[in-house]
Amino acid sequence: MGTMFNPAHPGEVLREYLPANLTIGQVADALGVSRQAISAVLNGRANITATMALRLSMALGTTPEFWINMQSQYDLWQAQQNPPKEVQRLAEAC
């Protein structure tokens, strides 16, 4: 397994996709979400949910999978930094 780098939170990537001249309020209105919801994502305090991924894909012309996969990779990398210790290997079924 290759060494995985520390992936950016999807909110950081989202910043790159948003037109620079738009305010958080304008982005929120376009997505049909609250300012707080989009601000939390952009600041890395909230995950991109399936619904948010769908909203982003519709507004930005991306695929929802793009955002979901990025969130999954971020979450998995975070979890791997402190793996659970109490897990035991299960015997293979015959």
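Biologist: Are helix 1 and helix 3 roughly parallel, antiparallel, oblique or perpendicular to each other?
Modeller: This is a predicted model. In it, the axes of helix 1 (residues 10-17) and helix 3 (residues 35-42) come within 7 Å and cross at roughly 110°. Angles of 65 to 115 degrees count as roughly perpendicular. Helix 1 and helix 3 are therefore roughly perpendicular.

Biologist: Which residues make the contact of helix 1 with helix 3?
Modeller: By class, that contact has 4 nonpolar, 1 polar and 2 charged residues. Helix 3 brings Ile38, Val41 and Leu42. From helix 1 come Gly11, Glu12, Leu14 and Arg15.

Biologist: Which residues have the most contacts inside the largest nonpolar core?
Modeller: In soluble globular proteins, nonpolar side chains tend to be buried together. Here the largest nonpolar core has 15 residues. Helix 2 (24-31), helix 3, helix 4 (50-60) and helix 5 each give two or more residues to this core. Those with the most contacts inside the core are Leu14, Leu31, Ile38, Ile48, Met52, Leu56 and Trp67.

Biologist: What does methionine 52 touch, not counting residues up to four places away in sequence?
Modeller: Methionine 52 is among the residues with the most contacts inside the core. Beyond its sequence neighbours, methionine 52 touches Leu31, Val33, Ile38 and Val41.

Biologist: How many aromatic pairs does a search of the whole structure find, and which residues do ring pairs link into a cluster?
Modeller: The search finds 3 aromatic pairs. Ring pairs make a cluster of Tyr17, Phe66 and Trp67.

Biologist: Is the pair of tyrosine 17 and tryptophan 67 stacked, tilted or edge-to-face?
Modeller: The ring centres of tyrosine 17 and tryptophan 67 are 5.3 Å apart, with the planes at 70°. Planes over 60 degrees apart count as edge-to-face. The pair of tyrosine 17 and tryptophan 67 is therefore edge-to-face.

Biologist: Where in the chain are tyrosine 17 and tryptophan 67, and how many residues apart?
Modeller: The pair links distant parts of the chain. Tyrosine 17 is in helix 1, and tryptophan 67 is in helix 5 (residues 64-80). Their separation is 50 residues.

Biologist: What angle do the planes of phenylalanine 66 and tryptophan 67 make?
Modeller: Phenylalanine 66 and tryptophan 67 form an edge-to-face pair. Their centres are 4.8 Å apart. The angle between the planes is 85°.

Biologist: Is proline 10 buried or exposed?
Modeller: Proline 10 belongs to helix 1. Its relative accessibility is 0%. Proline 10 therefore counts as buried.

Biologist: What separates the C-alpha atoms of proline 10 and tryptophan 67?
Modeller: Leaving aside neighbours within four places in sequence, proline 10 is in contact with Ile48, Trp67, Met70, Gln71 and Tyr74. Proline 10 and tryptophan 67 are 57 residues apart along the chain. Their C-alpha atoms are separated by 7.0 Å.

Methods: Residues numbered from 1 in each chain as written. Predicted model: local features only at pLDDT ≥ 70, side-chain atom pairs only at ≥ 80, totals over all residues. Heavy atoms only, no water. Axes fitted to C-alpha atoms, helices over the stretch in contact; angles between N-to-C directions. Helix = DSSP H or I, 4+ residues; strand = E, 2+ residues; numbered from the N terminus. Parallel < 35°, antiparallel > 145°, perpendicular 65-115°, else oblique. Contact = heavy atoms within 4.5 Å. Nonpolar A, V, L, I, M, F, W, Y, C, P; charged D, E, K, R; others polar. Phe/Tyr/Trp six-rings, centres within 6.5 Å; stacked < 30°, edge-to-face > 60°. Core = buried A, V, L, I, M, F, W, Y, C linked by side-chain atoms within 4.5 Å. Buried < 20%, exposed > 50% of the residue type's maximum accessible area, 1.4 Å probe, protein only.
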